[in-house]
Amino acid sequence: ETSYELIVEGQGKAGFVKGTSVIALRADGATTVVDVTAAVHTGGPIARLGQRLIGGVAHMMLERFFACLQSKVGLKSL
């Protein structure tokens, strides 16, 4: 198994955001399984948007990333 960690931090007038994500790749026969776990913490006015909205946007961005990856490398399915 191979894994990668992404750490994000930002701060501005709208508040702050801190997030981590771990992407693990593991072999499953002739395929590779991708497991993603993430956590995000917000504070200030941006926190009023709610964790669900931020989580939904993060999920959408992840789906776009894998769709783009699939189109670039010609994978059959994700």
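**Entry 1: salt bridges**

I searched the whole structure for salt bridges and found 1. This is a predicted model, so I read every value as computed. The salt bridge joins the side chains of Arg 26 and Asp 35, with 3.0 Å from N to O. That N-to-O distance falls inside the cut-off, because a salt bridge needs the nitrogen within 4 Å of a carboxyl oxygen.

Next I looked up how open the two partners are.

**Entry 2**

I turned to the strands. How many form the sheet, and in which order? I noted 3 strands in an open sheet, ordered β1-β2-β3, with antiparallel pairing. β1 (2–12) and β3 (31–43) are the edge strands, and each pairs on one side only. The twist from one strand to the next averages 10 degrees. As a reminder to myself, strands of a sheet pair through backbone hydrogen bonds.

**Entry 3: β1 with β2**

I followed β1 into β2. A hairpin of 2 residues connects them.

I then checked single partners. Which residue of β2 is the bridge partner of Gly 12? I found Gly 15 there. Gly 10 has Val 17 as its bridge partner in β2. Ile 7 stands opposite Thr 20, again in β2.

I also asked how many residues of β1 are buried.

**Entry 4: β2 with β3**

β2 and β3 pair over 13 bridges, in the antiparallel sense. One partner I looked up was that of Ser 21, which is Ala 38 in β3.

The hairpin between these strands has 2 residues. Where is the positive phi in this hairpin? I found it at Gly 29, near 70 degrees.

**Entry 5: Gly 43**

I picked Gly 43, which sits in strand β3. Its relative accessibility is 10%, so Gly 43 counts as buried. The limit I applied is under 20% for buried.

What does Gly 43 touch, once neighbours within four places in sequence are set aside? I listed Ala 14, Gly 15 and Phe 16 as its contacts. Gly 15 had already come up as the bridge partner of Gly 12.

I also took the C-alpha separation from Gly 43 to Phe 66, which is 29 Å. Along the chain these two are 23 residues apart.

**Entry 6: aromatic rings**

I ran the search for aromatic pairs over the whole structure and got 1. Phe 65 and Phe 66 make this pair, with ring centres 5.0 Å apart. Their planes stand at 70 degrees, so I logged the pair as edge-to-face. The class follows because planes over 60 degrees apart count as edge-to-face.

Last, I checked accessibility for each ring residue. Phe 65 is partly exposed, with 46% relative accessibility. Phe 66 comes out at 17% and counts as buried.

Methods. Residues numbered from 1 in each chain as written. Predicted model: local features only at pLDDT ≥ 70, side-chain atom pairs only at ≥ 80, totals over all residues. Heavy atoms only, no water. Pairing = 2+ DSSP bridges. Helix = DSSP H or I, 4+ residues; strand = E, 2+ residues; numbered from the N terminus. Axes fitted to C-alpha atoms, helices over the stretch in contact; angles between N-to-C directions. Phe/Tyr/Trp six-rings, centres within 6.5 Å; stacked < 30°, edge-to-face > 60°. Buried < 20%, exposed > 50% of the residue type's maximum accessible area, 1.4 Å probe, protein only. Contact = heavy atoms within 4.5 Å.
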